[in-house]
Amino acid sequence: MKFFAEQRREVMMHIEKYMLEKMWDFLKPIEENWQPSDLLPDSTRDSFFTEIKELQESARGLSYDLVAVLIGDTITEEALPTYESWLTMVEGVDMSEDNGWMKWTRHWTAEENRHGDLLNKYLYLSGRVDMRAMEVSTQFLIADGFDIGTGTDPYRNFIYTSFQEMATNVSHRRVAALAKKDGDGLLAKMCGVIASDEARHAKAYKHFMTKIFEVDPNEAMVAFEDMMRQKIVMPAHFLREVGLKIGQTFGHFTDAAQRLGVYTALDYVDIMKTLIEEWHIESMPDLNEAGEKARDYIMRLPDRLVRVAERMKNPHLEYKFTWIAG
C-alpha cells in the first residue's frame, strides 16, 4: 500500500507540471469571465421591477418536472463546499497554499461557484419556488456529505470528475433547450453558459486522466474498471427534503430528469463510450494481467448497459416536491 501511495504521489507531481502549463486553456481569467449579475435583472436600474415581472411571466410557462430538475441542479451546484473539501483530501498531493493542485482546486471551484449563485437568484425571482424548502435541502446536502466511491485515490477522483463534468454539461444543455421550448429565453441562456463552463472543466479532467494513463496505465485501468463496476453516482445522491431520509428525494429528482430526457441511462452509456475512446482504452499497450482483465470488463460494459437501458420503463410516478410553490 505504501508503494502505491508513493507511486501515485510521483504521478501526481508529473501531472501537476502539465496542469500548470495548461491551466488557462481550461479556465478563464476572472476579470473576463461572466458573472451572475450579467444575466439577471439589474437592481440599480429603473426597469428592475419590470424585468422581474417579465422573468416571472416566462418562468410561469416552465413545466413542473423542468422546475423540479432545475431546483435539483441548483442544489447540486450549491453544495460546492462539499466538493472542494473532497478534492483537498486526495492522496499524493501537497496541500500547501502555494501548491499547484490547491491553485487548480480554488480556481475550479471559484468558476463553479457562479453556477449556484446564478440559478439560486433566478429561482428566487421566478416566483415558482418555496425557497425555504429548497434552502433546507441545500443545507442537508452539504451537512450530509457524500460517498462517491473514490476514496482519496486521485485516479478514481479524476475518473469521477471527468464523467461528472460531462454529465452536468449534458444536463444543463438539455435544460437550456427545454427552457427555450417553454418560452424562457433568459433561463435558456443561463443554462447554456453554465453548460459551456462544464464542458471546459470536463476537458480538463479528461486531459489530466489521459496523462495518468500515459505514465501508469495499469493502475489507471484498474481504477477505471473499479469506478465502472460500482457505477458513477451523482454528487447529489444524498438529496433529501424535510422529513425524508437521505437519498429519498434524489430518486424522484432523477425520475423527473428521465421523463424529460434531461439525463437518461443512455446518456450514461454515451459518456462512458466517449471516455473509452478519448483515453484510447481499446488500444492501450503494455498492460499487465490485471490491466488486461480490467480493460476486458470496461470494453464489454457499454453494450451490456445499453441492453439494460432499453428494458427500462420511463417512470410515470407523480411526486409533489416541497420545493415548488403552489
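**Exercise 1.** Are H8 and H9 roughly parallel or roughly antiparallel to each other?

*Solution.* The structure is a predicted model, in which local features need pLDDT of at least 70, side-chain atom pairs count only at pLDDT 80 or more, and totals for chains, interfaces and linings use all residues. Residues are numbered from 1 along each chain as its sequence is written, and side-chain values use heavy atoms, with hydrogens and water left out.

Step 1. Locate the two elements: helix H8 covers residues 154-181 and helix H9 covers residues 185-215. Helices here are DSSP runs (H or I, at least four residues), numbered from the N terminus.

Step 2. Consider the axes, which are lines fitted to C-alpha atoms over the stretch in contact, with angles from 0 to 180 degrees between N-to-C directions. The axes of H8 and H9 come within 7 Å and cross at roughly 160 degrees.

Step 3. Apply the cut-offs: angles under 35 degrees count as roughly parallel, over 145 as roughly antiparallel, 65 to 115 as roughly perpendicular and the rest as oblique. H8 and H9 are therefore roughly antiparallel to each other.

**Exercise 2.** Determine where the buried residues of H3 lie around its axis.

*Solution.* Step 1. Helix H3 (residues 48-59) has 12 residues.

Step 1. The buried residues of H3 are Phe48, Glu51, Ile52, Leu55 and Ala59.

Step 2. Viewed down the axis of H3, these buried residues fall within an arc of 100 degrees, so they line one face of the helix. The arc is taken from the directions from the helix axis to the C-beta atoms.

Step 3. Phe49, Lys53 and Glu57 are exposed on the other side of H3.

**Exercise 3.** State how many residues of H4 are buried.

*Solution.* Step 1. Helix H4 spans residues 64-78 and has 15 residues.

Step 1. Of these 15 residues, 14 are buried, and H4 is thus mostly covered.

**Exercise 4.** Describe the backbone and the accessibility of Lys231 and of His280.

*Solution.* Step 1. Most residues other than glycine have a negative phi. Lys231, however, has a positive phi of about 70 degrees, and His280 has a positive phi of about 55 degrees.

Step 1. Lys231 lies in the loop between helix H10 (217-230) and helix H11 (248-260), whereas His280 is in the loop between helix H12 (265-278) and helix H13 (289-311).

Step 2. Lys231, at 47% relative accessibility, counts as partly exposed, while His280, at 51%, counts as exposed.

Note on methods: Expected span 1.5 Å × (residues − 1). Buried < 20%, exposed > 50% of the residue type's maximum accessible area, 1.4 Å probe, protein only.
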